[in-house]
Amino acid sequence: MQSLQLRQMVLMPLLLALVAPNAGAASEVPRPLGVPLAKASLYQPRAGEDSWTCLDGSRTIPFSHINDDYCDCADGSDEPGTAACPQGQFHCVNKGHQPVNIPSSQVQDGICDCCDGSDESGTVGCPNTCLELGAAAAVQRRNAAELHKRGAERRQEMISRGKQMKAEREARRLELDQRRKEQELLRAEKEQLKQNAEALEAEAIEIFKEQQREVDADTAQAEREPQQMRQEASLTFVRYDTNKDGFVEVTELMVDMNLDRDRNGVVTVEEAKYFLDERERVDLDAFVTLAWPRIKSLQMLAEGLFQPPQPEEVAQQAEVTTEAIQPTPPKLSEEQAELAGDDDIEADEEGEEDQYDDEEPDVGVGEASPDVEDATPPNYDPETQRLIQQANEARNALEEVERSLREIQQEVNEIEEQNNKGYGLTEEWAVHDGQCYNFEDREYVYTLCPFDRASQKSRSGGPETTLGRWDKWSGEPKQYSQQKYTNGAACWNGPNRSAIINISCALEPKVTAVSEPNRCEYYFEFETPAACDSEAYQSESENLHDEL
Amino acid sequence: MLIVSYRAQRTAGVYWQNAAETWVDIQTSETNVVSSLVNFVSGSQKTPPPAAHFMSESGIVDAFIMLGPKPMDAFKQYAALTGTHELPQLFALAYHQSRWNYNDERDVTSVSAKFDEYNIPMDTMWLDIEYTDGKRYFTWDKFKFPHPLAMIKNLTELGRHLVVIVDPHIKRDNNYFFHRDCTDRGYYVKTREGNDYEGWCWPGAASYPDFFNPVVREYYASQYALDKFQTVTADVMLWNDMNEPSVFNGPEITAPKDLIHFGNWEHRDVHNLYGHMHLMGSFAGLQQRDPNQRPFILTRAHFAGSQRYAAIWTGDNFADWSHLQHSVKMCLTEAVAGFSFCGADVGAFFGNPDTELLERWYQAGAFLPFFRAHAHIDTKRREPWLFPERTRQVIQNAVIKRYSYLPLWYTAFYELELTGEPVIRPLLAHYPLDKEAFGVDSQLLVQDRLLVRPVMQQGVSKVDVYFPAIDDKKNSDWWYDVDTYQRQERSGYVSVPVDDFKIPVWQRGGSIVPKKERQRRASTLMLHDPYTLIICLDRQGKAAGSLYLDDEKSYAYRQGQRIHVNYEFAHDQLVNSFVGKPKYKTLAWIERIVIAGLEKVPSSASITVNGVSQQLEVLQHDNTVVVRKPGVKMDVDFAIKLNFA
């Protein structure tokens, strides 16, 4: 009457709040609207008083202020059943289905959020759909439980297969360790044989060289390294350039009696000019290229260096000329082998290429055969040839052992790598390694090869684009519910591509969807029995029931 | 082209009406070299008045002088000349979530659901060009969006809206009905030789409807009818982009000047009107589609008067701090030139803002009239939940704050339609006697009630805020921090500390601001929610302020279905008085009254309605007094008196 135009104290929610629909079952303990059963006891007036204290203790208010559509408590605890408090929570009982908490912002907003309709007053007319939803959810749960159960059987097979594979890997690993020991002994033996053979070979070649050297002396001279020549020339230039003006003049040369070519006791202007390419003076560069070649021999003659060539030079020379028949030094070949090995791991995309990579060092190292020679082979005498042949055989024998060791190491690495990938708690994922699963959409064929890579290929052809390489398990909180593949092909103007694989339980392994919500970040939905865990599923759904 | 010149004593403006390419030289005493030279030679101290020199490529001299004398007078005179915004639907003033592009139906629905999961209000999802079938507007990509109506329903059932982009370039494809119609009927803009002009834009080869032709506008408008464009509903609104028009292979990326329009006008004569004519067609289309809904259109191109049809945004900005600063300057400029409904892409179109820049951008955007987050297709996704929790909370906070002030924004837009007074204003609009306030462009006023100084620098723990003087003696209004109700009483710069969450906003002493402090997932769901009145007292212990409300959606307000009410507080009493009859029926009521600036705390309050009084509880809270739950409905006369024991 008097307050017709004053708003009644939000009558409807208040009534709903204080009178619980049906008293009886434990879940229907009378309590204000929006309060979960667990908190029912907190909503009692103080003994002997009509007052109540906010759950955060901040204020004491009349008990009638609870759910009166005005926010009195800072924590919103006085309005569990209205939208009055900004950060409040409303508890839907949802009898027959699952109870949920919704933010108070969704209470009385005209949208039915609770299946029992308790978040909206009667005017909106939310139907109670909890029984239907509950039944549907029960069916869904049963189906899911069944799926998990049947899936778990397959998973069991995957587990035994995985465990078997792991056992095989371990056995193989032991076998490899054993073989490695054998091969290492063998290597020591072959190493010794090789050294012996090479000593004989080197000796024979040395003798042969000795004979050849005189013939080749001039050529050898010519082939001296330009670098060394420049250094010598520069030193001489400095010596000649007595006035330090950066040029060597005719007069500066005339003091060097070594340049007296006709040995008449005087270095004439003409004689000096000859050495300067008929110029008055030369700078350092011109000296190195034009003057030094003419001066050098005379100087060496004077220093007595010309006749017997320097020992180091000889050694260098020997190597250069024998290169064709000498095998590449073992050290180098090992590096090459390592390189090739690295490629092996990384070059999946260019699978064909690594075959060549593998072969290259083999050819180079294995046989120092005449057919690789570019230069004309020195014509060794038969005895030297025999010794070289023997040395080659010894080298090849050693190399074979070393190759075998490398192969063993490679296989050991592969096993280690597999062990480190993490095939799940019980090895159930192991069988997926090495498999690939495709998914086609309108434009692309996507491929997921678990533990290796995710990729994409246009349906209209073209090259495959790597979306990511195996990185890690990344599920939170369940680690084995998500995989991450990173470091895929770079996006134009963007990051490297990457892929997240969301995993769920099904009877057959299959990619069911691929999307790219973020540019160059792909999401795969992958189903597999490996993700079916009957027990975990059951305990989860039991937890849900507990809340009821 | 509008130029307004301010002096403490007098403000005047000139509006140069010309749609051709126009250059303006502005000469002030500082920049005018010749005059300073003359003064130097002649020894004169007299500085010439500032001058503007307009140069248009073609057309006639058609200029309008606005005599002021105060800045607000000049703004209103310009509005009287060119028109004002229609009151928008409330949702248009709420938060918009956009991206180029939400990829498919699932993406749209799940982004909408995430806003609920994280309890962040959001009203409108936007679809950029990729929703179409090959950039053929009025069609959908059938693979990504096979069920647009179901997707739209998912949004509208939650009180949300969808906005789709419809650009003016038309794909030249003989299987595309729109292109066939335009070709057959000669609706396209023509080349000098009389052929259909063909340019290059998003669809590839494209032509441009000649919106100068009323028949073309009518045809265009008719395409929005729901029996034609069957895959949308009347709740789907419009985004008109690229309507300068953009032509990728054209001179200056637009149409050649020698194209021929309806009535034999060369493009050079009417270039700047093309977007405006496009808007006229769109606006008519939406009005005809559903005469009961106020259209919402966002446009990029606009001309004097386009404010009658659309909102604007500041175009393709970059993720850096200077562009954040420019968003305030640009929108203030637009606002005093008749275009209040302005905003910038929150977070920026290009680039990836770091969390700090994104947070500050949301906070600034929450206090500009048009509040939309948008991003380029090459940027990383940046919906609020993709960031660390703290960033998400800062964003949530800013968005909730925006929603709490929606009654003020809505009232301001109604009063803009009524009077032509800009919704946001530079300080000089209300403080013309304070010369130092003229140059302040990092602060804005919302009407004359709020002063906003967004944080727009990186890594700052305080900002300098200028409190303007009301006279030339440095007297000032009182300003109350809206978070703490701490009061600023003097004019001049004040260094104000800010943390991550702080948006420096003050309410003017002497003003009353209506708010809605209950959170909802969308503004449309707040329709019946109760109001809070924030009363900040001036030096005389007085305050006044208005509130406008209606159904927030239809044109019924023009038939009187509205409530426009003034609240006045004086002598410890709050009374309301209606402007016209309060005919709109609402369930909303007044939930609380917050009073800042009282000298004593009252013991209680009493409300009197129709001669009947009732006692109300009064609570002290921070620096304010809160009158608890007056509970009075919005269309009822009342008086609330504070009682002091």
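Guide: Two packed helices are described by the angle and the distance between their axes. In this predicted model, local features need pLDDT of at least 70 and side-chain atom pairs pLDDT 80 or more, while totals for chains, interfaces and linings use all residues. Residues are numbered from 1 along each chain as its sequence is written, with chains lettered from A and ligands numbered from 1 in the order written.

Visitor: How do the axes of helix H9 and helix H10 of chain B cross?

Guide: The axes of H9 (residues 321-336) and H10 (residues 355-365) of chain B come within 11 Å and cross at roughly 0°. Axes are lines fitted to C-alpha atoms, for helices over the stretch in contact, with angles from 0 to 180 degrees between N-to-C directions. That makes H9(B) roughly parallel to H10(B) (an angle under 35 degrees).

Visitor: Which residues of H9(B) and H10(B) meet?

Guide: B:Trp321, B:Leu324, B:Ser327 and B:Val328 in H9(B) meet B:Leu357, B:Arg360, B:Trp361 and B:Ala364 in H10(B); contact requires C-beta atoms, placed from the backbone, within 7 Å.

Visitor: What about the sheet in chain A?

Guide: Strands of a sheet pair through backbone hydrogen bonds, either parallel or antiparallel. Here an open sheet of 8 strands in chain A has the order E7-E8-E9-E10-E11-E12-E14-E13, with mixed pairing; two strands pair if DSSP finds at least two bridges between them. E7 (437-440) and E13 (510-518) of chain A stand at the edges with a single partner strand each, so one side of each lacks a neighbour in the sheet.

Visitor: How many bridges join E9 to E10 of chain A?

Guide: E9 (residues 453-458) and E10 (residues 465-473) of chain A run antiparallel and are joined by 4 bridges. A:Gln456 has A:Thr465 in E10(A) as its bridge partner.

How values were computed. Helix = DSSP H or I, 4+ residues; strand = E, 2+ residues; numbered from the N terminus. Parallel < 35°, antiparallel > 145°, perpendicular 65-115°, else oblique. Contact = placed C-beta atoms within 7 Å.
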